[in-house]
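User: I'd like a quick walk through this structure. Can we start with the rings, then move on to the strands?

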Amino acid sequence: QVQLVESGGGLVQAGGSLRLSCAASGNIFKVSAMGWYRQTPGNQRELVASITGGGTTNYADSVKGRFTISRDNAKNTVYLEMNSLKPEDTAVYYCNMVSPFRLGGKNDYWGQGTQVTVSS
């Protein structure tokens, strides 16, 4: 069973930085696509950034140039470096893994979420 554990959220002033981490259990991390999503109350979860097993990245337009996603396959960890934070970045951030393999009929996993709050 795969588990994803996020850390690094918190309260920061506008213009500040935070780094989120997501540690994955199991042995399928390096072949899996990883993503960071965020959600605010009453809204759908939206993709912030993703990175394939091969390292190809993709970003939402709203975070391009400010956020950087990276992965360390030796540590089974994906990171989201967030710079120049804005109040509109305030949300619960979720880590996601999509594996090319189905384990127990499942290949899509989510972390528990970590709160990021940006004050103006």
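Analyst: One definition first. A charge sits over a ring if NZ of Lys or CZ of Arg is within 6 Å of the ring centre and within 35 degrees of the ring normal. Keep in mind that this is a predicted model.

User: OK. Which ring faces does R45 lie over?

Analyst: R45 lies over the face of Y94, at 3.6 Å from the ring centre. R45 also lies over the face of W110, at 4.6 Å from the ring centre.

User: How many aromatic pairs does the structure hold?

Analyst: One. The ring centres of Y37 and W110 are 4.9 Å apart, and the planes stand at 65°. Edge-to-face needs planes over 60 degrees apart, so the Y37 and W110 pair counts as edge-to-face.

User: Where do Y37 and W110 sit in the chain?

Analyst: In distant parts of the chain. Y37 belongs to strand β4, and W110 to strand β10 (residues 106–110). They are 73 residues apart.

User: Switching to sheets. What is the strand order in the open sheet of four?

Analyst: The order is β1-β3-β8-β7, and the pairing is antiparallel. From one strand to the next, the twist averages 15°.

User: Which strands stand at the edges?

Analyst: β1 (4–7) and β7 (67–72). Each has a single partner strand, so one side of each has no neighbour in the sheet.

User: How many bridges between β3 and β8?

Analyst: Six, in the antiparallel sense. β3 covers residues 18–24 and β8 covers residues 77–82. Within that pairing, C22 has V78 in β8 as its bridge partner.

User: What about S21, buried or exposed?

Analyst: S21 lies in strand β3. Its relative accessibility is 16%, so S21 counts as buried. The cut-off for buried is under 20%. Not counting residues up to four places away in sequence, S21 touches V5, E6, S7, W36, T77, V78 and Y79.

User: What does β4 pair with?

Analyst: β4 pairs with β9 in the antiparallel sense, over seven bridges. M34 stands opposite M97 in β9. Five bridges also join β4 to β5, again antiparallel. There, the bridge partner of G35 is S50 in β5.

User: What's in the turn of the β4 and β5 hairpin?

Analyst: Six residues separate the two strands. G42 in the turn has a positive phi of about 80°.

User: Now the core. Which members of the largest nonpolar core touch the most other members?

Analyst: W36, L80 and Y93, out of 29 residues in that core.

User: Which elements give two or more residues to this core?

Analyst: β3, β4 (33–39), β5 (46–51), β7, β8, β9 (91–103) and β11 (114–119).

User: What does Y93 touch?

Analyst: Leaving out residues up to four places away in sequence, Y93 touches E6, L20, W36, Y37, R38, V48, F67, L80, M82, G113, T114 and V116. W36 and L80 in that list are two of the core residues that touch the most other members.

User: Last one. Where is Y59, and is Y59 buried or exposed?

Analyst: Y59 is in strand β6 (residues 57–59). Its relative accessibility is 19%, so Y59 counts as buried.

User: What is Y59 in contact with?

Analyst: Setting aside neighbours within four places in sequence, Y59 is in contact with V48, A49, K64, F67, T68 and I69. V48 and F67 are also touched by Y93.

User: And how are Y59 and W36 separated?

Analyst: Their C-alpha atoms are separated by 9.6 Å. Along the chain, Y59 and W36 are 23 residues apart.

Technical notes
Residues numbered from 1 in each chain as written. Predicted model: local features only at pLDDT ≥ 70, side-chain atom pairs only at ≥ 80, totals over all residues. Heavy atoms only, no water. Pairing = 2+ DSSP bridges. Axes fitted to C-alpha atoms, helices over the stretch in contact; angles between N-to-C directions. Core = buried A, V, L, I, M, F, W, Y, C linked by side-chain atoms within 4.5 Å. Buried < 20%, exposed > 50% of the residue type's maximum accessible area, 1.4 Å probe, protein only. Contact = heavy atoms within 4.5 Å. Phe/Tyr/Trp six-rings, centres within 6.5 Å; stacked < 30°, edge-to-face > 60°.
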